[in-house]
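Subject: Handover of a structural model

Dear colleague,

Please find the sequence and the structure below. A summary of what was found follows directly after them.

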Amino acid sequence: MAKKKEDEKKKEEEGCWEKGSCKDPDLFGPLFRMPNKGQFKFSLWYFLITLFVLLLINSLFVPAPESLVGFSDFKKKIEQGEIVKVQMGENFYYGFTESTGERGRGGTVYRTVPINDPTFIQLMDAKGVSYMKISEKGNAFINFLLTWVVPFFFFFFIWRLMFQRMGNMGSNVLALGRNRAAIVAEGTTGVSFNDVAGCDEAKEELMEVVDFLKNPGKYTRIGGKIPKGVLLVGPPGTGKTLLAKAVAGEAGVPFFRISGSDFVEMFVGVGAARVRDLFRQAREKAPCIIFIDELDAIGKSRVNVLGGNEEREQTLNQLLVEMDGFDSRTGVIILAATNRPEILDPALLRAGRFDRQILVDRPDLAGREAILRIHAKGVKLAPDVDLHKVARDTPGFVGSDLANLVNEAALLAVRNGRSEVTQADFSEAIEKVIAGLQKKNRLISPDQKRIVAYHEAGHALVAAFTEGADPVRKITIVPRGIGALGYTLQIPTEDKFLMTEKELYSRIDTLLGGRAAEELVFGTVSTGAANDLVKVSDIAKRMVTEYGMSPKFRNVALNQRQPALLGPTAEAPQMYRDYSDATQSYIDETIASIVNERYAQVKKLLEEKRPLLEKLASRLLESETIEEHEFAQLIKESA
């Protein structure tokens, strides 16, 4: 047991040096470690102290301070008898006074640059000055120290520091092939299945995986086999990674967590080596779970890719080989997550690799309410807060959106000086997430403000008098977000998973209501409907090409598609159409016909409701915002 702990400690130390995260006081790392007990560690401080001592000793033998003088002044001091001894070097002449000792200590030493002067020797002979030729090489030991030893340690220090900071490369090149998976111990994630809501079906599937790891005999007794791989698929923010953390917290087995991008390196073959090392460690610690986040980073399709990434392809091939070699009885399960399943290689998705694909979809009304209750646990809520109403007002929101919504509501409460989060804070937070930040200080001219008021009033009136349209919750001409000078907030009363032809037409009518109101009142149109027209064109095009709702091609899909035999491509898919140019012309004409027909219908409706349009626009110009109950009252009074 002691030997095992010692080996684990040794591996941990080696791993930290590879990552550059060791907190060892020895700056130069393990290269200077001694294997014996009571090991000596070379420290930078030892080197600095030794260098200081050597320089201090050398200073004892350094001549007295030198004064650089001109050659004529040097000769003058010899004539005056001040200089009694001269040492002639190749670069300088040194003149010593009587008070200077034999080793040049004490007194003053004069130094001058030599000049070819034939009378100089004669002058020294005449004045009785002793002179001699010297070499200026200096102290050999100090020269060796400064020329070889100091530069070596300096560059070694820079080299070591650089590799410590490059944690992804480690302290030696051989460490590149080791995997970077973080082993999560039981319970350290702080997340359990109780913290996951809104995806009950996915949670049940993963709970079965965890139960197999804890009680494998229950399944193997009747011949059951657990899936080798489980792929979590769904839009961003739906909780795929959170589910993986919950599995790590519940499983009670080693959990290897790694991202798909961690396999990819600039060196060819490193990714494949890391895959091999990861699966080798997993087999040693079985039963365990391997979680690969963002699988699409290494699992993109290899079909119809010209000049692809060879390193990524080798990594994918190695992953496929390793998953094929897995024995389902070893208890090693691969868990992966992606929000782009359409670009994954078909070989990854076949039976025997990722046997089970779990859809983690957007939560429904009950799921959103459950998610809100989880995120609101640590938030002080006022008595008027109705989380069911908040969930009803947030269709299409995913888990991350709802978490952000609760946090925004709490920040708004603090900003307004409240100690509790109210329902009004949640309503403002919803608008902030959907439409952007309110821009109260944006200056808009009265004429433009009037155009915006009629535009939004047109949207709201058409929605109120069109069957199948979503109810209006709020109308405002306060600018929000980027470029939005006003908006009409419509929220459906229930989650919709399909739409009828009548509901699609009602959505087109509502979007066209703003431009129709502008033309009706001002006799011209503005650029304010640009985004509305994009949405209208998209809906009309889908009705004709995808939903089979055109008069001529009823129940016929005319959308573009990828080649069926080649499958999805990894980079830019080549789309093609299986209909003629004449059909394309019909599609364009039909889209324009639908939009023009609906526009005429909307304009006719607004002409009939012109007094109510004027009243609603005047009210918007006066108060800038009309809430749901006030709008309903205005409609009721006009009936």
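A network of salt bridges links Lys389, Arg392, Asp393, Arg473 and Glu628. A salt bridge is taken here as a side-chain nitrogen of Lys or Arg within 4 Å of a carboxyl oxygen of Asp or Glu. Across the whole structure, the search finds 29 salt bridges.

Before the details, two remarks on provenance. This is a predicted model, in which local features need pLDDT of at least 70 and side-chain atom pairs count only at pLDDT 80 or more, while totals for chains, interfaces and linings use all residues. Residues are numbered from 1 along each chain as its sequence is written, and side-chain values use heavy atoms, with hydrogens and water left out.

Overall description

The chain has 639 residues, of which 41% count as buried. In this message, buried means under 20% relative accessible area, exposed means over 50%, and partly exposed lies in between (1.4 Å probe, protein chains only). The accessible surface of the chain comes to about 35,400 Å², and 55% of that surface belongs to carbon and sulfur atoms.

The secondary structure comprises 21 helices and 14 strands. Helices (H or I, at least four residues) and strands (E, at least two) are DSSP runs, numbered from the N terminus. Of the contacts between residues at least 6 apart in sequence, 72% join residues at least 24 apart; a contact means heavy atoms within 4.5 Å.

Individual salt bridges

Arg373 and Glu369 form a salt bridge whose closest N and O atoms are 2.8 Å apart. The two residues are separated by about one helical turn, because they stand four residues apart in helix α12 (residues 365-375). Arg373 is partly exposed at 46% relative accessibility, whereas Glu369 counts as buried at 17%.

A second salt bridge pairs Arg554 with Glu501, with 2.9 Å between the closest N and O atoms. Arg554 lies in the loop between α18 (530-545) and α19 and Glu501 in helix α17 (residues 501-522), so this pair ties together parts that are 53 residues apart in sequence. Both partners are partly exposed: Arg554 has a relative accessibility of 40%, and Glu501 has a relative accessible area of 24%.

Arg542 forms a salt bridge with Glu546, and here the closest N and O atoms are 3.2 Å apart. Arg542 is partly exposed at 33%, and Glu546 is likewise partly exposed, at 35%.

Surface patches

Patches are made of residues with over 30% relative accessible area and no salt bridge; like charges are joined within 9 Å, and nonpolar side chains (Val, Leu, Ile, Met, Phe, Trp, Tyr) within 5 Å. Lys and Arg count as positive and Asp and Glu as negative, while His and the chain ends are not counted. The place of a charge is NZ of Lys, CZ of Arg, CG of Asp or CD of Glu.

Phe154, Phe155 and Ile158 make a nonpolar surface patch of about 330 Å². Phe154 belongs to helix α5 (residues 140-165) and is partly exposed, with 48% relative accessibility.

A negative surface patch is formed by Asp200, Glu201, Glu204 and Asp364. Within it, Glu204 lies in helix α6 (residues 200-214) and is exposed, with a relative accessible area of 54%.

Loop residues

Which residues does Lys609 contact, leaving aside its neighbours within four places in sequence? They are Leu461 and Phe465. Lys609 sits in the loop between α19 (581-608) and α20 (610-623) and is partly exposed at 27% relative accessibility. Lys609 and Leu461 are 148 residues apart in sequence, yet their C-alpha atoms are 8.1 Å apart in space.

Two residues deserve a note on backbone geometry. Glu294 has a positive phi of about 50° although it is not a glycine. This residue is found in the loop between β9 (288-293) and α10 (310-324) and is partly exposed, at 35% relative accessible area. Glu624, also not a glycine, has a positive phi near 70°. Glu624 is placed in the loop between α20 and β14 (625-627), and its relative accessible area of 30% makes it partly exposed.

Yours sincerely

Key. Areas by Shrake-Rupley, 256 points an atom, 1.4 Å probe, with all protein chains shown as cover.
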